Amino acid sequence: MSGSNEILEEFVQGEYKYGFTSDIESDTLPPGLNEDVVRFISTKKGEPEFMLEYRLKAFRHWLTMKEPHWAHLHYPLINYQNISYYSAPKKPKEIKSLDEVDPELLRTFEKLGISLLEQKRLSGVAVDAVIDSVSVKTTFKESLSKLGIIFCSFSEAVKEHPELIKKYMGSVVPYTDNYFAALNAAVFSDGSFCYIPKGVRCPMELSTYFRINSAGTGQFERTLIIADEGAYVSYLEGCTAPMRDENQLHAAVVEIVSHADAEVKYSTVQNWYPGDKDGKGGIYNFVTKRGICLGNNAKISWTQVETGSAITWKYPSVILKGDNSVGEFYSIAVTNHMQQADTGTKMTHLGRNTKSTIVSKGIAAGKSNNSYRGLVKVNRGASNARNFSQCDSLLMGNNCGAHTFPYIEINDNSAQVEHEATTSKIGEDQIFYCNQRGIDTEKAIGLIVNGYCREVLNKLPMEFAVEAQKLLAVSLEGSVG
Amino acid sequence: MLEIKDLKVSVEGKQILKGLNLTVKKGEVHAIMGPNGSGKSTLASVIAGKEDYTVDGGSITFNGKDMLELSPDERAKEGMFLAFQYPVEIPGVSTINFLKTAISEIRQYRGLPPMEAKDFLKVLKEKQKVVEIEANLTGRSVNEGFSGGEKKRNEIFQMAMLEPSLAILDETDSGLDIDALRIVATGVNKLRTKENAFVVITHYQRLLEYIVPDFVHVLYQGRIVKSGTRELALELEGKGYDWIKKEFSELAV
Ligand SMILES: Nc1ncnc2c1ncn2[C@@H]1O[C@H](COP(=O)(O)OP(=O)(O)OP(=O)(O)O)[C@@H](O)[C@H]1O
Ligand SMILES: [Mg+2]
């Protein structure tokens with residue numbers, strides 16, 4: 001029989017199950033980035049002048065910036081001139097019905113488990129699918145529009161609702177915010193837009209699926225969600241990418257505005273290709289996600305399940321501006337093989353009686369590195385601010401790393417901040433205990449990991465939770481010998 | 001049912017079991033006693049298949065099958081159950097969900113269809129009664145925050161649910177109050193049939209007043225040095241282990 005640690009040491013490749021490429025004819029710009037490329041994208045999309053100007057300002061600003069390297073991540077320098085900044089599935093321009101959608105593309109979505117067809121109506125999820133950079137189809141648009149809800153591609157919103165775009169775009173994540181946000185603002189090609197009017201509770205989950213398909217392209221999507229006073233929406237985001245040897249760049253921006261008494265729940269299951277077990281290929285995921293609780297009693301809740309990407313750099317944050325506003329961050333981040341994740345949140349308390357909750361569950365396996373980085377900031381005058389943070393790390397085997405970087409900045413004496421952190425190893429005793437009850441090691445790990453993540457999984461909408469549980473099991477498949 | 005022959009086991013180079021023999025037939029209850037550190041838990045763990053131990057020689061067969069060839073979960077699926085001396089906690093996994101998973105795995109192994117939810121609930125209620133365990137305990141995460149006694153009782157509850165043909169109870173009585181001891185023992189007695197067998201590891205003859213063993217063995221320095229009936233347990237209670245140790249060291253010379 002083998003030594004005591006071996007059971008946890010051997011890492012076999014749980015194969016990435018979404019790694020097919022689709023044979024879709026696409027319209028791709030050659031690699032390279034300059035003002036002409038920015039203009040090309042804008043022209044290609046038939047954008048109004050204000051948008052082009054915004055892009056150019058962002059691009060010029062980006063040129064003055066340096067790629068940040070403060071995160072606990074190691075990767076070779078990215079050559080931004082080697083990336084293609086635009087790739088669109090060729091055929092459909094204006095899609096009015098599903099018949100016009102490239103059947104290959106529909107098959108892609110079916111493989112992903114997203115059916116754009118009517119059956120989706122039954123499950124009550126409205127889907128906007130973004131492949132490479134272009135939004136392909138938004139289902140349920142009409143039934144939503146009866147309630148005054150706008151749910152469409154970002155490009156469409158630029159044309160149809162320029163006043164909303166002008167008012168809100170960049171209001172939470174300005175292009176000056178960081179290197180990747182600036183890049184995104186310059187070259188973003190599509191994404192989703194969502195506006196819930198005053199007092200409306202969105203009757204269904206809104207969902208966007210992102211998929212990178214073409215080789216050598218970057219994906220830079222932008223999402224903007226606005227919940228007007230007293231509105232409510234639950235938004236889901238799923239991501240996959242094919243297996244490729246080279247790394248691909250993904251730099252998205254998500255902005256959420258929650259007005260007084262409004263609530264936005266944003267759930268992500270991120271499953272970009274993580275690279276193979278030796279660290280070849282995989283998505284570089286540099287994402288800026290931020291929401292603002294603009295009015296009193298506003299609420300924003302981020303829930304994320306991060307299992308994919310070779311590199312993850314992501315800090316979904318909340319600015320608690322309105323009094324009594326609430327920010328939440330629930331996260332599961334799994335890294336296996338050579339994956340690296342530096343993820344966490346920033347809760348900025350500006351209003352009075354604001355409350356934030358952070359629950360982070362990191363799981364590291366293989367030779368991966370998993371870091372939690374979080375900032376809780378209470379400004380002067382944000383009286384009675386409260387934060388509770390809990391950061392747990394679970395290690396599988398002896399070759400992975402878990403790190404916690406909690407930053408706390410308190411400028412008001414009435415603040416109450418609680419921080420709890422634990423690091424544990426998945427116990428061989430726990431596995432043996434399960435084994436002894438007839439549960440094999442693979443299943444035992446799934447059970448233990450799902451149990452460990454319970455608090456976060458419980459925050460996900462039902463069907464998403466089931467998907468996430470499976471994904472956790474798949475991501476850690478073969479992680480034990 | 002269970003046949004252990006000349007079993008030699010070491011851990012980290014240190015020999016713990018030094019040629020142990022034990023035969024358990026169905027319908028029987030065997031008690032194993034012996035001083036601390038004599039190798040009782042080691043024996044239980046090795047039978048169940050814990051990886052930390054190296055089997056240097058001997059054999060373990062269960063219903064004619066070579067257990068040393070099987071993984072721990074396969075041994076369990078073959079009908080072997082170990083009530084742990086120190087049950088572990090599994091946060092976030094309810095005992096109910098845990099048992100559901102276990103039962104479906106075991107049934108699948110035996111080529112049986114999955115148990116229907118309503119049947120499962122029926123059995124659950126029944127067995128909760130048998131071991132008088134509170135429903136709220138089974139709804140909670142496996143052993144998380146349980147008191148020592150509650151953990152032990154949960155082991156017996158799981159045993160009742162899984163209906164093993166051989167159950168090894170490793171000091172299930174220690175940490176139990178007098179009432180709980182009686183309840184657990186009564187539970188075990190209710191679960192006794194002609195078809196199954198129990199190996200009860202204990203330090204106290206009190207448990208054996210409730211669960212009456214057919215045989216009592218004394219494990220000392222990695223071997224079974226004395227076997228007898230109930231009376232042996234009484235004798236040990238009165239005299240301690242010194243006389244055994246003495247007899248054994250004379251024997252060893
Ligand atoms: N994993 C291990 N590593 C090192 N030594 C071990 C290990 N497991 C058991 N031992 C040693 O083997 C010997 C037998 O231990 P075991 O737990 O089987 O005794 P026991 O008879 O169950 O004792 P108790 O009555 O105290 O429960 C002890 O000396 C113990 O320290
Ligand atoms: Mg013991």
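Analyst: Let's start with a sheet in chain B: six strands form an open sheet in the order β6-β9-β10-β3-β11-β12, and the pairing is mixed. Keep in mind that this is a predicted model.

User: Okay, so how do I read a sheet? And which strands are the edge strands?

Analyst: The general idea goes like this: strands of a sheet pair through backbone hydrogen bonds, either parallel or antiparallel. Here, the edge strands are β6 and β12 (223-228) of chain B, and each of them pairs on one side only. On average, neighbouring strands in this sheet are turned by 20 degrees against each other, direction ignored.

User: Which helix packs on that sheet?

Analyst: That's helix α9 of chain B, residues 230-239. Helix α9 touches β3, β11 (215-220) and β12 of chain B, and its direction makes about 45 degrees with that of β11(B).

User: Now the two chains together. How do I describe the area buried between chain B and chain A?

Analyst: The size of an interface is often given as the accessible area lost when the parts come together. For chain B and chain A, that area is about 2,400 Å², and carbon and sulfur atoms give 63% of it. Three residues, B:Lys50, B:Glu51 and B:Phe84, supply 21% of the area that chain B buries against chain A, more than any other three residues. Counting contacts instead, 35 residues of chain B are in contact with 21 residues of chain A.

User: And empty space? How much lies in the second largest pocket?

Analyst: Rolling a probe the size of a water molecule over the atoms shows where empty space is left. The second largest pocket holds about 660 Å³ of space. It has 29 lining residues, and the closest to its centre are B:Ser41, B:Thr42, B:Ser45, B:Tyr53 and B:Gln85. α10 (428-436) of chain A, together with β2, α1 and β6 (80-83) of chain B, each supply at least two residues of this lining. By class, the lining has 11 nonpolar, 11 polar and seven charged residues.

User: How many cavities of 30 Å³ or more are there, and what lines the largest cavity?

Analyst: There are seven such cavities, and the largest has a volume of about 100 Å³. The largest cavity is lined by 18 residues; A:Ser360, A:Gly362, A:Asn370, A:Ser371 and A:Tyr372 lie nearest its centre. β19(A) gives the largest share of that lining, five residues. Sorted by class, the lining has seven nonpolar, nine polar and two charged residues.

How values were computed:
Residues numbered from 1 in each chain as written. Chains lettered and ligands numbered in written order. Predicted model: local features only at pLDDT ≥ 70, side-chain atom pairs only at ≥ 80, totals over all residues. Heavy atoms only, no water. 1 Å grid on protein atoms, 1.4 Å probe; cavity = no way out; pocket = protein on both sides within 12 Å on 5 of 7 lines; lining within 4 Å. Points joined across faces, edges and corners; volume = space filled by probe spheres on them. Helix = DSSP H or I, 4+ residues; strand = E, 2+ residues; numbered from the N terminus. Nonpolar A, V, L, I, M, F, W, Y, C, P; charged D, E, K, R; others polar. Contact = heavy atoms within 4.5 Å. Buried area = accessible area lost by both parts, 1.4 Å probe. Pairing = 2+ DSSP bridges. Axes fitted to C-alpha atoms, helices over the stretch in contact; angles between N-to-C directions.
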